[in-house]
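The following exercises are to be worked through with the sequence and the model at hand. Each task is followed by a solution in steps.

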Amino acid sequence: MTARSAKPATPRPARRPSTARRPRGGRTPGGPRGLQIRLRRAWDRPLTAYYLILGGSLLITVLGLVMVYSASQIKALQSGLAPTFFFRKQLLAAVLGGGLLLAASRMTVRLHRGLAYPLLAVSVFLMCLVQIPGIGVAVNGNQNWISLGGPFQMQPSEFAKLALVLWGADLLARKQDKRLLVQWKHLLVPLIPVAFLLLGLIMLGGDMGTAIILTAILFGLLWLAGAPTRLFVGVLGAATLIGALLIKTSANRMSRLACIGATDPGPGDQCWQAVHGIYALASGGFFGSGLGASMEKWGELPEPHTDFIFAITGEELGLAGTLSVLALFAALGYAGIRVAGRTEDPFVRYAAGGVTTWITAQAVINIGAVLGLLPIAGVPLPLFSYGGSALLPTMFAIGLLIAFARDEPAARAALAMRQPVFGRRQAGVRWKTMRRRVKKRPSGER
C-alpha cells in the first residue's frame, strides 16, 4: 500500500454518558422498578387487549352464572318452580351466547358491516310487534317483551343496542370516507332521527332504563365522530330536557329519583328495594357471609337475581367479590378503548367505541343504583345478571371486540407466530426457549 492510497482514520464519535446503568445481559432489574418495567412490557404487548376482552368477559359470565344460581333459588321456590329453573335458563342462554361470540369473533369486518341494516330493520319490526295487543307482554309494568312460547320471552330493545352500534358505525364510517363529517347536518342526519325512532318505540313500553343506555351509545358515537362542542352540548341538553319531562310526568320515576341515598324505606316503603340493597352490601363485610348464605334473597330484596344481583354478590362474597367484579369491568372497558384508539379503520373505531360505551354505561348505571348513588333504572348488569335477551346481544358485541382486537396488524403477527404447524417444524426456525424463536443460521455463516 502506498502513501497516496492510504486514508486517514476517521475518529469515532464520542459516546454520550449514560445516566442510568443498564443491567448486564439485558436482564430486567429486580425490586419495584423491575416489577414496573415488566408490567409495562406486558401491558404494551400486542395481544393484551385480546386476552383482556376474552378472559374478562368469560370470567364475568362464569361468575354471573354462579351468582344467578345462588341468588335465584329462593325466588324460584317461592314461584313454585324448581330451584335450578333460572340457572338452567341462564346456562342455556350462555351456551347460545358463546356460539354467537365465537361466530362474531371469526367474522370479517365486511360481514359485520353487512349485518348493520338487516339487524336494524329486524329490531324496529320486533319493537313494533311489542305494542300489538296479544303479542307484546308486560313485565313489571313495562311492555317490552314478546312471548316465544312456554317460559321463554324476548326483549327486542336489547337487540336495538347492538343494531344502533353496528348501523351507526357503518353510517359514520361511510360518511368519513367521503369527508362529509365536517358538516354538522351529516353528523345529525340520519343518525339522530333513527336513534329517536328507537327511543320512541322503547319509551312506548315505558322502559326508560334501556332508553338511557341507547342515549349513551348515541353520545358515544357522536363523540368519536368528533362532533363540535356546541352540537354535542345541544343534543345533550335536548336529551336532558326530554328525560326530565318524562321523569316529572311519572310518579314511579319521581319516587325512584327520591330514593337516591335513602337510608330508610320511607312512606309506603317506596325505597324498600334501594335500602335493602344497601343492607345486603353492608352485611357482607370484607369477605362476605359465604356463597349461598345471603339473607336478603329470602324475600326481602326484590329482583335479587336480575337488577340487584350485585347486592347479593356483596353480601355473599363481600368487598373482595364486588371489587373483583369492578376490576373485570374496568379491564374490559380499558381493552375496548385500546382497540378503538389503535385502529385506523373508522368502522372498527366507531363500533368498538360504541360497544365499550354500551357495556360501561350499563354497568355504571346498574352498580350506581345498587350503591344508592343513582336512581334505580331497571337495567341488568352486563354479562352478569339473569336474562337471556340481554346476554345474547352482549356476548355478540364482545365477539365484535375480540374480532377487532385480533385484526390489529401486531396482534395478527403475534397470533400467526403462535399457530402450530402439525407434522413438521417450521422451516428455518428452531425453538430456543418456550417464549422466543430464533432463526437458524445458514451453513457457513459465522
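A cavity is a set of grid points where a 1.4 Å probe fits but cannot get out. The model under study is predicted.

**Exercise 1.** Determine how many cavities of 30 Å³ or more the structure holds, and describe the lining of the largest one.

*Solution.* Step 1: a search of the whole structure finds 4 cavities of 30 Å³ or more. Step 2: the largest cavity has a volume of about 50 Å³. Step 3: its lining consists of Asp307, Phe308, Ile365, Asn366, Ala369, Ile376, Ala377, Gly378 and Val379. Step 4: sorted by class, this lining comprises 6 nonpolar, 2 polar and 1 charged residues.

**Exercise 2.** Decide whether glycine 205 is buried or exposed, and state which residues it touches.

*Solution.* Step 1: glycine 205 is found in the loop between α8 (191-204) and α9 (208-224). Step 2: the relative accessible area of glycine 205 is 5%. Because buried means under 20%, glycine 205 is buried. Step 3: leaving aside residues up to four places away in sequence, glycine 205 touches Gln131, Gly141, Asn142, Gln143 and Asn144. Step 4: asparagine 142 is 63 residues from glycine 205 in sequence, yet their C-alpha atoms are 5.3 Å apart in space.

**Exercise 3.** Compare the span of helix α6 with the expected value, and state how many of its residues are buried.

*Solution.* Step 1: helix α6 covers residues 156-177, which are 22 residues. Step 2: from first C-alpha to last, α6 reaches 32 Å, close to the 32 Å expected at 1.5 Å a residue. Step 3: of the 22 residues of α6, 18 are buried, and the helix is mostly covered. Step 4: just after α6, arginine 179 adopts a positive phi of about 60°.

Technical notes:
Residues numbered from 1 in each chain as written. Predicted model: local features only at pLDDT ≥ 70, side-chain atom pairs only at ≥ 80, totals over all residues. Heavy atoms only, no water. Helix = DSSP H or I, 4+ residues; strand = E, 2+ residues; numbered from the N terminus. Buried < 20%, exposed > 50% of the residue type's maximum accessible area, 1.4 Å probe, protein only. Contact = heavy atoms within 4.5 Å. Expected span 1.5 Å × (residues − 1). 1 Å grid on protein atoms, 1.4 Å probe; cavity = no way out; pocket = protein on both sides within 12 Å on 5 of 7 lines; lining within 4 Å. Points joined across faces, edges and corners; volume = space filled by probe spheres on them. Nonpolar A, V, L, I, M, F, W, Y, C, P; charged D, E, K, R; others polar.
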